[in-house]
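Read the sequence alongside the coordinates while following this account.

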Amino acid sequence: MSATDRQAMPSASVDRATIKADNNLTTDPEIPEGPTDSHVLSQIKQDERGLAQKAGDTAEISNIGWDESPDVIEEPLVAGLSNEDLWMLIRRFDKQMYRVKAVPDVSLQKLDFTREDDDEFSPDKLRATIERFYTTVVVGLTNCIKHIARLRSWKEPRRTAAFCTVYVLSCLLDLLVPTMLVILLALVLYPPCRSLMFPPAPISLVNKDTGGVQKPKAGILGSEDSITGAPEKFKGEAAEQEASNLVASVASVAVGSAVGKHDQGVPDDAPLEDDVPDAMDIVANTADAQSAAHGKVPTDSHDKTRQPMKQSVMDIANSSMHVIGDITDTYEKMGNALSATTPFPRLSPRLRLATVLFPAFLASLMTSCYVFMKLSTLLIGLVFFGDPVIRRGVSYLNRRLPNWRKIIQLQNSLLKGIPTNAQLAITLLRIGEANASPLPPPPTSPDKVPSRPVSLNPEELTLGASNEEIKQAALVKPDDHVQAVEAPPAPEKSHKRTLGSSILGLFRETTASGVESKRGIDRLRAAIGSHHAKNRVGVLRDRGKRITPSGPVAFDARYKGKRGTAIIDSTKEPPLLYFTTDTPQNGDAKLENRKDGSVMFTMPVTEIQEMRKLGGMGWKGKLVVGWALHGKEVVDGLLIIGKMPGQSYQLTAMETRNQLFNRLIAIDGQVWASC
């Protein structure tokens with residue numbers, strides 16, 4: 001971020017005294033200014049410093065773990081946050097963010113990634129929203145339900161008896177509501193009482209019906225924060241895989257309903273039933289085929305309901321996506337308010353919540369149950385019968401305070417300045433950029449996750465079960481392990497080469513040959529100057545192939561079909577993004593050191609106005625490649641749009657797309673909105 005840009009930024013809304021008190025900052029230096037709270041917090045200096053913050057003592061870009069094994073990085077990259085939690089945040093950030101725009105005005109939240117009103121709908125975005133909802137809200141609510149089941153079961157008699165005693169006494173003394181508010185205040189203001197009142201336990205190990213110990217659905221306790229307990233190599237992966245499989249299963253059921261699977265029953269001796277691919281796996285006009293089989297003509301000219309119903313479904317899907325996104329945002333903000341992560345203030349969000357609960361507690365002491373019921377019924381009647389009064393009141397507010405609807409929203413009032421996980425991730429990425437040490441990408445491994453249980457200390461779990469029972473539920477039995485690893489052979493008919501399977505294999509081989517022929521044609525068309533063909537060159541790559549360079553300053557990519565390197569030159573002011581066909585040596589990123597004629601475009605990072613992640617072959621192309629070509633993967637791209645007309649650059653065949661996207665989004669002072 002240049003000095004000129006920094007001076008031009010308006011002051012953020014963060015209270016500076018609160019920042020110093022909550023984050024244990026040094027008394028000097030002066031807290032910088034920025035357009036959003038995220039920009040401010042990423043620039044402040046803290047007493048406790050992680051590996052990325054220590055590297056900021058040097059002017060040059062530091063490599064603090066790119067392309068390194070996670071076992072090599074022993075220190076926390078950012079102070080106050082474990083590396084596993086940091087990688088989980090960035091990994092989910094990569095899945096959530098598809099398209100961002102730089103906006104001139106800061107939102108009421110004083111944070112990035114506010115959703116635009118004209119946010120466009122796409123199936124990929126809906127899938128990402130549902131998966132995020134699952135990993136955040138569904139997993140959290142499931143944990144809450146199992147805590148309630150544990151209390152109701154009396155398998156932890158001391159804890160349940162304490163809750164029961166408090167409940168009975170508060171009922172007898174007519175203090176039930178004040179007691180509940182006092183408990184909420186304690187949970188908000190004093191975090192240690194959370195684990196005292198609700199001792200943690202692996203979610204999959206608790207039976208939601210009995211409150212006792214159960215065998216995890218995955219057959220082994222391989223993770224603590226997933227519903228199935230499936231094994232994971234890095235924190236959060238099991239829950240993310242559950243979310244992905246949930247969406248895929250729901251889609252399969254929806255497609256099966258649309259195509260009429262098992263319509264009127266299927267005879268046991270139906271020909272080709274076992275050989276023809278399941279229609280649930282092929283989403284391509286199968287509903288029309290089902291209608292045609294019954295003598296109907298599923299064309300737009302005959303069916304005047306098709307387009308209106310399709311548009312209605314799309315509108316509902318778009319609205320549902322926004323509602324799910326808002327619910328998830330609120331849930332994440334509440335979680336980050338109760339358990340704030342550095343560098344965001346830790347105490348002030350809890351005090352803000354307490355200022356709402358404490359007056360409610362005082363009011364409950366002075367209000368009897370009779371008065372409370374009377375006020376509630378009066379309010380219900382006013383809402384039901386007072387429509388003319390309500391309409392006039394809303395019209396008056398619209399005239400006097402046009403933005404009142406946005407102001408009263410939780411995210412702009414009580415939860416203002418409290419980040420979602422994506423807003424927290426961009427702040428952490430900005431900390432790395434501010435200290436000239438970009439945060440390394442989350443580690444990945446193509447290897448199969450080993451089926452081994454998590455390290456568990458049964459003595460620390462208060463589940464009302466013996467240590468032996470907990471161990472038996474958490475571990476894989478030897479017989480079950482052998483059965484899971486050495487699965488019994490498939491039925492004999494699967495080994496037979498039937499006519500249907502032969503036709504299917506021939507079709508697969510023909511499709512693979514067609515894809516390879518298409519690649520050859522694209523290379524020829526690219527050689528003679530076809531723009532679209534150039535963007536498809538190199539998008540198919542052997543799976544597991546090593547790609548270099550891969551950051552933090554140089555990223556392997558193609559531009560207009562030519563293979564080269566996208567480089568961020570941070571020695572310039574402002575930082576410069578350029579593409580060159582000259583591979584840098586020893587991390588040299590300076591533009592002047594490139595060969596003459598090798599640079600195909602240059603662009604100041606400050607001029608980026610929009611970035612959009614693009615699929616390499618589109619979703620249909622990916623389906624074909626995944627089915628017909630084994631050992632191949634589709635490599636996606638990134639579209640970068642600047643301020644000037646025609647300033648648009650599309651990088652393709654870029655395996656390190658997310659890494660470049662994250663650096664560009666965090667390196668300067670733009671305020672980003674998701675769209």
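Buried means under 20% relative accessible area, exposed means over 50%, and partly exposed lies in between, with a 1.4 Å probe and protein chains only. Helices (H or I, at least four residues) and strands (E, at least two) are DSSP runs, numbered from the N terminus. This is a predicted model, in which local features need pLDDT of at least 70 and side-chain atom pairs count only at pLDDT 80 or more, while totals for chains, interfaces and linings use all residues. Residues are numbered from 1 along each chain as its sequence is written, and side-chain values use heavy atoms, with hydrogens and water left out.

Start with strand β4, residues 554-559. Of its 6 residues, 6 are buried, so β4 is largely enclosed by the rest of the structure. The burial applies to both faces: Ala-554, Asp-556 and Arg-558 lie on one side, and Phe-555, Ala-557 and Tyr-559 on the other.

Which strands are joined to β4 by bridges? Strand β5 (residues 562-569) runs antiparallel to β4 and is joined to it by 6 bridges. Within this pair, Ala-557 has Gly-564 of β5 as its bridge partner. The two strands form a hairpin with 2 residues between them, and Lys-560 in the turn has a positive phi of about 55°. Strand β11 (residues 648-652) is also antiparallel to β4, joined by 2 bridges. There, the bridge partner of Arg-558 is Thr-652.

Two strands count as paired if DSSP finds at least two bridges between them. Strands of a sheet pair through backbone hydrogen bonds, either parallel or antiparallel. In this model, 10 strands form an open sheet with mixed pairing, in the order β2-β12-β1-β8-β10-β11-β4-β5-β6-β7. At its edges stand β2 (114-115) and β7 (599-604), each with a single partner strand, so one side of each is left without a neighbour in the sheet. The protein chain as a whole has 23 helices and 12 strands, and buried residues make up 39% of its 675 residues.

Contact means heavy atoms within 4.5 Å. Leaving aside neighbours within four places in sequence, Gln-659 is in contact with Trp-66, Pro-441 and Phe-555. Gln-659 is found in helix α23 (residues 657-666) and counts as buried, at 18% relative accessibility. Across the protein chain, among contacts between residues at least 6 apart in sequence, 68% join residues at least 24 apart.

Gln-659 also takes part in the lining of a cavity. On a 1 Å grid over the protein atoms alone, a cavity is a set of points where a 1.4 Å probe fits but cannot get out, and lining residues have an atom within 4 Å of a point. Grid points are joined across faces, edges and corners, and a volume is the space filled by probe spheres set on the points. A search of the whole structure finds 2 cavities of 30 Å³ or more.

The largest cavity has a volume of about 90 Å³. Its lining has 13 residues, of which Trp-66, Leu-429, Leu-439, Gln-659 and Asn-662 lie nearest its centre. Helices α5 (83-96), α17 (421-434) and α23 each supply at least two residues of this lining, and α23 gives the most, with 3 residues. The lining divides into 8 nonpolar, 2 polar and 3 charged residues; Ala, Val, Leu, Ile, Met, Phe, Trp, Tyr, Cys and Pro count as nonpolar, Asp, Glu, Lys and Arg as charged, and the others, Gly among them, as polar.

The second largest cavity has a volume of about 40 Å³. Asn-143, Lys-146, His-147, Arg-150, Ala-201, Pro-202, Ile-203 and Val-206 line it.

Confidence comes last. The pLDDT is the predictor's confidence in each residue, from 0 to 100. The protein chain averages a pLDDT of 79, and 73% of the residues score at least 70. Over residues 1-13 the pLDDT is below 50, and this stretch has 30 contacts in the model beyond near neighbours in sequence. Residues 261-273 also have pLDDT below 50, with 8 contacts beyond near neighbours in sequence.

Terms used
1 Å grid on protein atoms, 1.4 Å probe; cavity = no way out; pocket = protein on both sides within 12 Å on 5 of 7 lines; lining within 4 Å.
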